[in-house]
Amino acid sequence: MNATKQLLQHRQPMIRFLGKRHTPTSIDHTPHAHPASPTHSLPESFASYRQKAQQHGPLNQQNHLPIGAIGGKPGASLGPVEAGKGMFFDRSELPARFQRTPWTQAEIDAIESGGASMHA
């Protein structure tokens, strides 16, 4: 225990700090454009920025979706949803040869026992 105390007392961190911390006396909080900004200027207002901004398309559209866009027509007007010929929505609709085979009791026992019930 004495050796541990001696080691801890003489331990010196490997990080060397340059000096005492100090808080700057004046900080400039005025808004300014980002150095990588293409215009190098701030917008006059948020409303003017929003008129030009785009995020997944123009933001200034007021729910005016074109006819071919998603949500342009109500779902009921699209008609019934049916799978095309040779297409299936669920695995249970496939022919029997493509459906999942049921588990056997031996497989269930092997899984539940972690493989201990398997005979070599």
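Buried residues make up 3% of the 120 residues in the protein chain. Buried here means under 20% relative accessible area, exposed means over 50%, and partly exposed lies in between (1.4 Å probe, protein chains only). This is a predicted model: local features need pLDDT of at least 70, side-chain atom pairs count only at pLDDT 80 or more, and totals for chains, interfaces and linings use all residues. Residues are numbered from 1 along each chain as its sequence is written, and side-chain values use heavy atoms, leaving out hydrogens and water.

The protein chain exposes about 12500 Å² (Shrake-Rupley method, 1.4 Å probe). Carbon and sulfur atoms supply 58% of that area.

The secondary structure comes to 3 helices and 0 strands. Helices are DSSP runs of H or I with at least four residues, strands are runs of E with at least two, and numbering starts from the N terminus. The order is α-α-α.

Now the loops. H40 sits between α1 (2-9) and α2. Its phi is near 55°, a positive value in a residue other than glycine. H40 counts as exposed because its relative accessibility is 56%.

W103 lies in the loop between α2 (46-52) and α3 (105-112). W103 also counts as exposed, because its relative accessibility is 60%. With I108 and I111, W103 forms a nonpolar patch on the surface. Together the three have about 340 Å² of accessible area. Like charges are joined within 9 Å, and nonpolar side chains (Val, Leu, Ile, Met, Phe, Trp, Tyr) within 5 Å.

Note on methods. Patches are made of residues with over 30% relative accessible area and no salt bridge: like charges are joined within 9 Å, nonpolar side chains (Val, Leu, Ile, Met, Phe, Trp, Tyr) within 5 Å. A salt bridge is a side-chain nitrogen of Lys or Arg within 4 Å of a carboxyl oxygen of Asp or Glu.
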